[in-house]
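Here is a briefing for a first look at this structure. Start with the picture, then read on by topic.

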Protein chains: 4
Amino acid sequence: MDFGFDARTEELRGQLLGFMDECVYPAEPVFHEQLAALDNRWAWTTVPVLAELRAQAKSRGLWNFFLPGEHGAGLTNLQYAPLAEITGRSHLAPASLNCSAPDTGNMEVLAAFGSPDQQKRWLQPLLNGEIRSSFAMTEPDVASSDATNIATRIERDGDEYVINGRKWWITGALNPQAEIFIVMGKTDPSAERHRQQSMILVPRDTPGLSILRGMEVFGYDDHNHGGHAELDFSDVRVPAANLIGGEGDGFAIAQARLGPGRIHHCMRSIGVAERAVELMCARADSRVAFGKPLADQGVIRDWIAESRVRIEQLRLLVFKAAWLMDTVGNKKAHTEIQAIKIATPATVEWILDKAIQVHGAGGLSQDFPLAASFAGIRTLRFADGPDEVHKNGLARAELARQRAKRGA
Amino acid sequence: MDFGFDARTEELRGQLLGFMDECVYPAEPVFHEQLAALDNRWAWTTVPVLAELRAQAKSRGLWNFFLPGEHGAGLTNLQYAPLAEITGRSHLAPASLNCSAPDTGNMEVLAAFGSPDQQKRWLQPLLNGEIRSSFAMTEPDVASSDATNIATRIERDGDEYVINGRKWWITGALNPQAEIFIVMGKTDPSAERHRQQSMILVPRDTPGLSILRGMEVFGYDDHNHGGHAELDFSDVRVPAANLIGGEGDGFAIAQARLGPGRIHHCMRSIGVAERAVELMCARADSRVAFGKPLADQGVIRDWIAESRVRIEQLRLLVFKAAWLMDTVGNKKAHTEIQAIKIATPATVEWILDKAIQVHGAGGLSQDFPLAASFAGIRTLRFADGPDEVHKNGLARAELARQRAKRGA
Amino acid sequence: MDFGFDARTEELRGQLLGFMDECVYPAEPVFHEQLAALDNRWAWTTVPVLAELRAQAKSRGLWNFFLPGEHGAGLTNLQYAPLAEITGRSHLAPASLNCSAPDTGNMEVLAAFGSPDQQKRWLQPLLNGEIRSSFAMTEPDVASSDATNIATRIERDGDEYVINGRKWWITGALNPQAEIFIVMGKTDPSAERHRQQSMILVPRDTPGLSILRGMEVFGYDDHNHGGHAELDFSDVRVPAANLIGGEGDGFAIAQARLGPGRIHHCMRSIGVAERAVELMCARADSRVAFGKPLADQGVIRDWIAESRVRIEQLRLLVFKAAWLMDTVGNKKAHTEIQAIKIATPATVEWILDKAIQVHGAGGLSQDFPLAASFAGIRTLRFADGPDEVHKNGLARAELARQRAKRGA
Amino acid sequence: MDFGFDARTEELRGQLLGFMDECVYPAEPVFHEQLAALDNRWAWTTVPVLAELRAQAKSRGLWNFFLPGEHGAGLTNLQYAPLAEITGRSHLAPASLNCSAPDTGNMEVLAAFGSPDQQKRWLQPLLNGEIRSSFAMTEPDVASSDATNIATRIERDGDEYVINGRKWWITGALNPQAEIFIVMGKTDPSAERHRQQSMILVPRDTPGLSILRGMEVFGYDDHNHGGHAELDFSDVRVPAANLIGGEGDGFAIAQARLGPGRIHHCMRSIGVAERAVELMCARADSRVAFGKPLADQGVIRDWIAESRVRIEQLRLLVFKAAWLMDTVGNKKAHTEIQAIKIATPATVEWILDKAIQVHGAGGLSQDFPLAASFAGIRTLRFADGPDEVHKNGLARAELARQRAKRGA
């Protein structure tokens, strides 16, 4: 057992921290100004300063860290974890490094399951950062954490598939640069529970695909990263070759996509928590009430200590899950991935709440990133299934493990 | 001891519940449409359906319930409490009954401390619902829960007072119909701690008063009730007769204003919680996951039970505080008012969080009132001073009380 | 609505508080010494100072407060509630006033369902405080919160009933003065779910009844109030006339017994909480660490404030449940009785934990009543069924209520 | 970074798990019987089965694991951590391996600071398991977490030191085999804050040393590991050579002792938590209520999942602290040691509470180890200073760290 970073990680951490200080943080206010000046408020990836950041990151070799293997930077999950945490400190950083969701998951899917043609047509431009993508799974009318509930149909008709259904919370889809959507639907509702679903590529401009509206999260429309669209698919036709893998592979692909996706979210969330602690401490030092700085108030010290203790535990759990994914595979790391999915939003939300409280009403406003971070983290308690579903699954696994130990 | 409502309260509850069902709930979607169509997004009180609601409420005698004594409906706090709770169920209801903050507190101040001229000029049109008002106390650069920190100056210059300072979170001020501002500042920084402050009336169009921007709460700008402005006062001159009470009375007036203000907020918040429970139960009944409705899942039942148990306790505490205000006066009810100020947002926030979770991602969106309610309730943990200040004060009082009992 | 006590309650509160100060508190150390000197450590009701307290209480008319109607003091539940709270402050007080469990519940059962003979033989001496009793319901091998699980058999055999079964956690049964046991068992396992059970009177010395051992709670054997016995019934024969009510009435009698029993426990628990706050404040004033008294530490003030806010809410909920029992009956007050059953141990346990923490290690020891109180309150989370069962029931009722409101 | 155990650790884990299964668990009921049969209830180390366990462990080379360096087994903290966790699963295991507090800490002190004579006279027999020891630091009249409060005096008088003072919570001291006490007191109250204290060796039979009574924790007197004594030192005289180190070294020695002591407690506590999860799962599988096993109830699954998620995080934090102690030293690992001191009891107490609840009333009784474990873990929230002191210190360090990062 060893808790130090390896040499490659240390080197990349140094480079990334330099990039954050030199490029990313200074770009934050510029981004907001330029974003506000856009004609199309959703076209966030056209903001000039972001293009500069991306060019800069690419030239420094800080690119596609998220993707293991030949297509990406070749890092292990454990090597990527502390880098992803750093990118979580600014909402501009993941996009600058071409490491932002949902593109990351979509690139993983195409790298692992895409045909050579699909890879050439869609993966390559995504890896180059030339286009963006969306992932359309969640549906408004059903509890989508239960994949058997998916109602969208993907039906074969000659050389084409015809797609009908309604999706929502499709992140990034309002951005006109999101040129390709990966859509989950059922090709065979009568098949075995986990073989009913398939995934298919739908280009943005396909007739029958309508972008109905943007969903808000606590008042935020999240146009600064492409929003969350409600989509309607009415007799949307795409070539049969757009299917990813074979019919019935949808559930398995979704599962494969979720592991890395979850761990990336968790890593970045720890960066959010660290920035919250920084802000909390700075504010506590600078604000005086009833004759002494907030930093000298016992209750606020209690929050700071609790925050530190909770972050340290959480980070180690995430690192260990990454290590397991690298050493035993995503499938055998299932329980640990569920564990970080459960632990992360609860921990980070708690810390953000306290950081907000230390800031007074300003903490809820646009003057600090805390409230927006809270909103983002709050969504993680649903994303890829609500906490309660994951807890239920984790408990079932624990009960089975204990039963086996008892020989019962 | 008796936990039943008196006859007057029962009668008014019946009338108000009828008004809610017949008029308020049906008006909610209309209001949102008409609000979106306004030229000035902040002029929420000009929305036609709101004017109709107000006319209807007035004609039914459901008007100015909040104000005891000759100027208002003559209800006690205890009679008003269950009515205020009902109005908390829809954000349109308080305004419909001319019972919405900050006008209520401002009317109380003018009714209790205003000169006959001030009452004629400002209180009467407020009571009639012809104009709106704001209350400018909080400042961006200091911990405003400590009134000695107030930095705004109100200086006598001949027949006028000259006001200089910066305020923020001034609710309602972006509404152009908010014609009059009550401003808190220091007339004598060298006086005794609680005699430094004064309050003064500043009409909206006074030169030197600038409305700089709207503060956001999470992503909401709250234009549906006038927003929260940041204001600048630069050599703002008003007649000396605009001072409310005498120089140095500001702190005492603020204290007098806070008691009823807090209890009204708490009452309405319980209505928010009740609506959240309704939505949570309806959703739990209608949503199926993994083969059974959410209402049959143990964890969700636990939340529903906890919500009910917490609301019942909280409501009784608020009623008792109201009863004490009526029977022993606001001053002697200080501890109980602090107690409801502490207990209410914690309880209601918890319930809203669970109601959101039962709704899945939709619960955070514009499709349900839950996330917006969460944002509003979250601000109560700072409004009129953060929880921590009130807990500290309540503990000090408890320690003193116990010391007296011990004869120490 | 009115939160004041009526005149009768105020008068009795004054008398009771006087009795506590003059008699009960001074007797506490004496009781512990005399108890330690007993030959039979379980015979707590033979301790001389307790006999004196009981004589004194009787002579002052502070007797059988718990029992409404002709047999008792004629108080309503709402009148008894604040008195019971006061008795909760010292473990000697309930016994001094002949108001201690399980005798109270047993007297209620005999008063309501006992035959004239049963009342003469057992109720009268209990009311006079001449004997003690136990209530044998819980069984070791089944989840006894589900009454259909009860395995003890009560079988008719000519003029007798024959009882076979195992019981545990039978409070008071180790006290040799507990002369009579009310035993719950099944007379007809094939009957309708809630008509299978009956209750029967079993004198202590009946052959076949064995007292196996005392159960401990944490490390306490609770010999200071008769312990908690495990009992074995092997072919225990009693006259058929010992049956309470008719065959199949057991479940209904148990339900009737639980309402008042729960509210008495909750009332007394609030007294426990109040004493904990007193001790916490006194300790916080007297203990100095790192240069200032604990009472000046922010975290400890937070605990004190939270304790006060929670107690006030809880007490009102208990009072309201009592008022409902008086005005609409125990059955219609079911939800409120469940609510206090859920809320009370959680609240009081939290306060005791904090009071202990303020006392340092001493708080866990025999030098303060806090740890023993914690142990006692902790058992309330199981007594008469675990919290989880009650929450489930309360949620089911809430869901039904909301469904009715929706017209669903 | 690597989360696997090294080969030595894996080997020892295998051997230790075998020893637990073959020897320790079967000995548990025997120990309790033999302990109950002792003439001196405190002489727990004379119980025959324990002697057998110790002989067996010694012969298997499972001995003195806790002690790094030449005197002990030569393990690093990181190697010892998972072994200590295993020993935490049974209260007999630490003593069997000669790894139980307070002897471990005392041996560390003697190994690091003892003179050759002191090592020969006391360390050697302790290492051999021939005698036992106690550590006398905490005092009844002061907040002992603040070492400057220590009131016991150690005064030089010729060739002797004279000790006067009162101590309590001196674990193990009631065991007559505890032949030597390390006593903390002040040699120079006028010296600099952390140079006032010294430590001195006091043999059990020294005149003037009185063992007054045993302290209870909840109702437990903990005679199964030597109890917790209150001691009086009245003119206790020992040779000057009994001083450990020099005058004024007491605080530094205490600090050095605390690091390993805390980490050992935390490691073992994780074993306690794991056993609680085992029992909770087994019970949930076997107990049926309302028609299905508890393991199928959502709330109980939630507890099981939370328990697992919390344990995993906590264990990693403890491992990391151990790794830091090994690689950068106890001093630089200070924050992490404080972090595990804060996190461990909170986490394990929560898990025990839920495990108890799943067991019903039996969970609080002598029939399961859960309530006794709860009592033991609860004391850790005070041991070596209350949580609040450690949180305060950790927050101060975090604030300083953040200030340095900001360049403030």
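Predicted model: local features only at pLDDT ≥ 70, side-chain atom pairs only at ≥ 80, totals over all residues.

How far apart do the end C-alpha atoms of residues 33-130 of chain A lie, and how much of the span is helix and how much strand? The ends are 23 Å apart.

**Chain A as a whole**

- Chain A has 408 residues, and 57% of them count as buried.
- Its secondary structure comes to 11 helices and 10 strands.
- The C-alpha trace of chain A spans about 75 × 65 × 40 Å along its principal axes.
- The radius of gyration of chain A is 22 Å, which agrees with the value near 22 Å for a compact globule of 408 residues.
- Take the contacts in chain A with a separation of 6 or more: 72% of them join residues 24 or more positions apart.

**Domains and annotations of chain A**

- An unreviewed UniProt entry places the annotation "domain: Acyl-CoA dehydrogenase/oxidase N-terminal" on residues 33-130 of chain A.
- From UniProt, again an unreviewed entry, comes "domain: Acyl-CoA dehydrogenase/oxidase C-terminal" for residues 248-397 of chain A.
- Residues 248-397 of chain A are 76% helix and 3% strand. The end C-alpha atoms of this span lie 26 Å apart.

- Helix α3 of chain A covers residues 77-87. It is largely enclosed by the rest of the structure, because 11 of its 11 residues are buried.
- The buried residues of α3(A) include N77(A), Y80(A), P82(A), E85(A) and T87(A).
- What do the buried residues of α3(A) pack against? Their partners in chain A are α1 (7-36), α4 (93-96), α7 (250-286) and α8 (298-327).
- Helix α10 of chain D, residues 370-379, is mostly covered, with 9 of its 10 residues buried.
- Among the buried residues of α10(D) are L370(D), S373(D), F374(D), G376(D) and R378(D).
- In chain D, the buried residues of α10(D) pack against α7 (250-286) and α9 (334-359).

**Where chain C meets chain B**

- This contact takes 41 residues from chain C and 41 residues from chain B.
- Four helices of chain C each supply at least two residues to its side of the contact with chain B: α7 (250-286), α8 (298-327), α9 (334-359) and α11 (387-406).
- Which helix gives the most to that side? It is α8(C), with 15 residues.
- By class, the side of chain C that touches chain B holds 23 nonpolar, 5 polar and 13 charged residues.
- Chain C superposes on chain B by a rotation of 180 degrees with 0.0 Å of shift along the axis, at an RMSD of 0.0 Å.
- The copies meet through the same surface, because 100% of the interface residues of chain C are also interface residues in chain B.

**Where chain A meets chain C**

- Here 4 residues of chain A are in contact with 4 residues of chain C.
- The chain A side of this contact has 1 nonpolar, 2 polar and 1 charged residue.
- Chain A superposes on chain C by a rotation of 180 degrees with 0.0 Å of shift along the axis, and the RMSD is 0.0 Å.
- The two copies are therefore related as by a two-fold rotation axis.
- The same surface serves both copies, as 100% of the contact residues of chain A recur in chain C.

- E388(B) sits in helix α11 (residues 387-406) of chain B.
- Is E388(B) buried or exposed? E388(B) is buried, because 25 other C-beta atoms lie within 10 Å.
- E388(B) and G246(B) are 142 residues apart in sequence. In space they are 31 Å apart, C-alpha to C-alpha.

Key:
Residues numbered from 1 in each chain as written. Chains lettered and ligands numbered in written order. Contact = placed C-beta atoms within 7 Å. Nonpolar A, V, L, I, M, F, W, Y, C, P; charged D, E, K, R; others polar. Least-squares fit on C-alpha atoms with pLDDT ≥ 70 in both. Buried ≥ 20, exposed ≤ 12 C-beta atoms within 10 Å, placed from the backbone. Rg over C-alpha atoms; globule rule 2.2 N^0.38 Å. UniProt positions renumbered as here; feature names shortened; annotations may be inferred.
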